[in-house]
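Here are a few notes to read alongside the model. Keep the structure open and find each spot as you go.

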Amino acid sequence: MKVHFLGVGEACDPERFNTSLLILSESKEHYILLDCGFTTPHRYFADCSDPDQLDALWISHFHGDHFFGIPLLLLRFWEMGRVKPLMLAGPCGLQEKVENALDLAYPSFLGKLQYALQYREMEDGGSLQAVGFLWQAAATEHSQPCLALKLSAEGKSVFYSGDGQSTQASASLTKGSTLVVHEAYRVVGQTANHGSLAECLVLAHQVGCEKLAIVHVAHFEREREKLEIQRLVRESGLPGVFLPEPGEILSL
Ligand SMILES: [Zn+2]
């Protein structure tokens, strides 16, 4: 399995694309995109010339930096001549939200799509088998309903928090994950309904994360606090905690 960090930024970061991961199952050539915010499609298509490459899209929740890229993603696939159905998975209400976003961005465009959209709406604690992976979802504590996701295949697994503080359910989903990708909007202190570096380090200790990638750090903290992040990570005694760079590709 490969994990490509297309973006690691939060909504207002002027230098980093919105947090989005491209997951590749190597043996079966399956591609899954995790979250598609304002800036994700341009980054995704910078590397992708095959309109049928993507098998599935996961949306963790309905904030713009996690799903407002969908109209452009679907438009570009249409322009490129995609024919393969696209699976869209996410929290309840996904189909209505996607159709509303499409209608606002490009009215009547939905009727022109020459490829099918297949929706799979999930709930806290839900699971499904699709695209060669086991998908397991658990709610986080965010300002609107958000699902963390664990994808497992071929003996490897990746956990992606979406936004929010971890909950008992999402923390238990991180157990045994080969890679945990967790948002930490704040480095020092705490913002309501968001993760923090301190909380992530506690989580890593509790569940024994092999690798923990910290993403979605507030743009006003990431550079200013980079040394502080490195110090806190060093002091935690957790060698597997890191800040992925935009574009970094990790093989699991
Ligand atoms: Zn959010």
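**Notes on the fold and a few buried residues**

1. Let's start with aspartate 65, which sits in helix H2 (residues 64-67). Helices here are DSSP runs of H or I with at least four residues, strands are runs of E with at least two, and both are numbered from the N terminus. Before going on: this is a predicted model, where local features need pLDDT of at least 70, side-chain atom pairs count only at pLDDT 80 or more, and totals for chains, interfaces and linings use all residues. Residues are numbered from 1 along each chain as its sequence is written, and side-chain values use heavy atoms, with hydrogens and water left out.

2. Aspartate 65 does have polar contacts through its side chain: one with the side chain of histidine 66 (3.3 Å), and one with the side chain of histidine 216 (3.4 Å). A polar contact is a pair of N or O atoms within 3.5 Å; within protein, one must be able to donate a hydrogen and the other to accept it, and residues adjacent in sequence count only if both atoms are side-chain atoms. Leaving out residues up to four places away in sequence, aspartate 65 touches several others, including Glu10, Asn18 and Phe38; touching, or contact, means heavy atoms within 4.5 Å.

3. Now the loop between strand S4 (56-58) and H2, where you'll find phenylalanine 62. With 12% relative accessibility, phenylalanine 62 counts as buried. Among the residues it touches, not counting those up to four places away in sequence, are Phe67, Pro91 and Lys97. Phenylalanine 62 and valine 98 are 36 residues apart in sequence, but 9.3 Å apart in space, C-alpha to C-alpha.

4. Next, zoom out to the open sheet: seven strands in the order S6-S5-S4-S3-S2-S1-S14, with mixed pairing. Strands S6 (117-122) and S14 (249-251) stand at the edges with a single partner strand each, so one side of each has no neighbour in the sheet. From one strand to the next, the twist averages 20°. Two strands pair if DSSP finds at least two bridges between them. S1 (residues 2-7) and S14 run antiparallel, joined by three bridges, and histidine 4 stands opposite isoleucine 249 in S14.

5. Last, check some backbone angles. Most residues other than glycine have a negative phi. Aspartate 35, in the loop between S3 and H1, has a positive phi of about 70° although it is not a glycine. Valine 131 has a positive phi of about 55° and lies in the loop between S7 and S8.

Technical notes. Axes fitted to C-alpha atoms, helices over the stretch in contact; angles between N-to-C directions. Buried < 20%, exposed > 50% of the residue type's maximum accessible area, 1.4 Å probe, protein only.
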